[in-house]
Each structure stands twice: as structure tokens, then as C-alpha cells.
Amino acid sequence: MRTVTGRKVNDLGGLDGAAIDRHETPKTLFEQRVDALVMLLIHPEIGAFKVDALRRMVEQNSVEDYATLGYYQKWVRAVRDLLIEQEVLTSEEIRGKLVEVRARFAEGGSER
């Protein structure tokens, strides 16, 4: 998605912005899981999609979503969209699994 200036939402080079926090922080469990999921899906033996496709999907976020979603939130959204685009899963299958996992989690179960 491009902004009104014609730039893609991720094209921030040369623009004024907030200071960059350069402190290293350990990945959260969520971030580790998303990272592992992407590494598995792009592995040549699985080949669900390429890294370039992940980047394309991240760049299609709206300006608001790009600014407010975290790095790995953008990745997980891109994974969802690519799995649907590549016809690996349907949106109904993903939605159904989310309902199942949330119900199990609400009952005090694990996220698995």
C-alpha cells in the first residue's frame, strides 16, 4: 500500500521520525514462535512461500496498521494472508482453528 506521498508504508528513509531504540531485547515466546513458523514455512522442503512474498504482504499493511502493529504481528498477519493466497489453508480453516485454540485457552488449557 502506498501513502498519499506515493511511498510504500515501509519506506521511511529520509523522513523525520522518533528516535530508534537500539537496545537489544530478548524475543518473547510469541516472537520466537512466529520466527520459527516463518523459518519452517520458507524452508525449501516446505516452500509455502518465499521471504519476498512475506515482505510484499507486510508492505501491503495500511499506514495505520504498519505504524501500530509490532514487527512480528506484521509477520503473523502476512503468514495468514500468504497461506490463504497460496491455497495452503482457507480463511475458514484458520478461523476455525483460532476458535478452537481460544476455547481451549479460556478453559485453562494450553495454547497448543
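## The largest pocket

The largest pocket of this predicted model has a volume of about 960 Å³. A pocket is an open set of points on a 1 Å grid over the protein atoms alone, with protein on both sides within 12 Å along at least five of seven lines. The volume is the space filled by probe spheres (1.4 Å probe) set on the points.

The pocket is lined by 23 residues, and Leu 37, Val 76, Ile 94, Leu 98 and Val 101 lie nearest its centre; a lining residue has an atom within 4 Å of a point. Helices α1 (29-42), α4 and α5 (91-106) each give two or more residues to this lining. The most comes from α5, with eight residues. By class, the lining has 14 nonpolar residues, one polar and eight charged. Here Ala, Val, Leu, Ile, Met, Phe, Trp, Tyr, Cys and Pro count as nonpolar, Asp, Glu, Lys and Arg as charged, and the others, Gly among them, as polar.

## The overall fold

The protein chain has five helices and zero strands, in the pattern α-α-α-α-α along the sequence. These are DSSP runs numbered from the N terminus: helices are H or I with at least four residues, and strands are E with at least two. The C-alpha atoms fill a box of roughly 45 × 30 × 25 Å along the principal axes.

Residues are numbered from 1 along each chain as its sequence is written. Local features need pLDDT of at least 70 and side-chain atom pairs pLDDT 80 or more, whereas totals for chains, interfaces and linings use all residues, and side-chain values use heavy atoms, without hydrogens and water.

## Helix α4 and its partners

Helix α2 (residues 51-59) packs against helix α4 (residues 71-85) at about 110 degrees, with the axes 9 Å apart. The two are therefore roughly perpendicular, a term for angles of 65 to 115 degrees. Axes are lines fitted to C-alpha atoms over the stretch in contact, and angles run from 0 to 180 degrees between N-to-C directions. In α2, the contacting residues include Leu 54 and Met 57, and in α4 they include Trp 75 and Leu 82; contact means heavy atoms within 4.5 Å.

The axes of α1 and α4 come within 10 Å and cross at roughly 35 degrees. Among the residues that meet are Phe 30 and Leu 37 in α1, and Tyr 72 and Val 76 in α4. This contact has eleven nonpolar, one polar and two charged residues.

Methods
Parallel < 35°, antiparallel > 145°, perpendicular 65-115°, else oblique.
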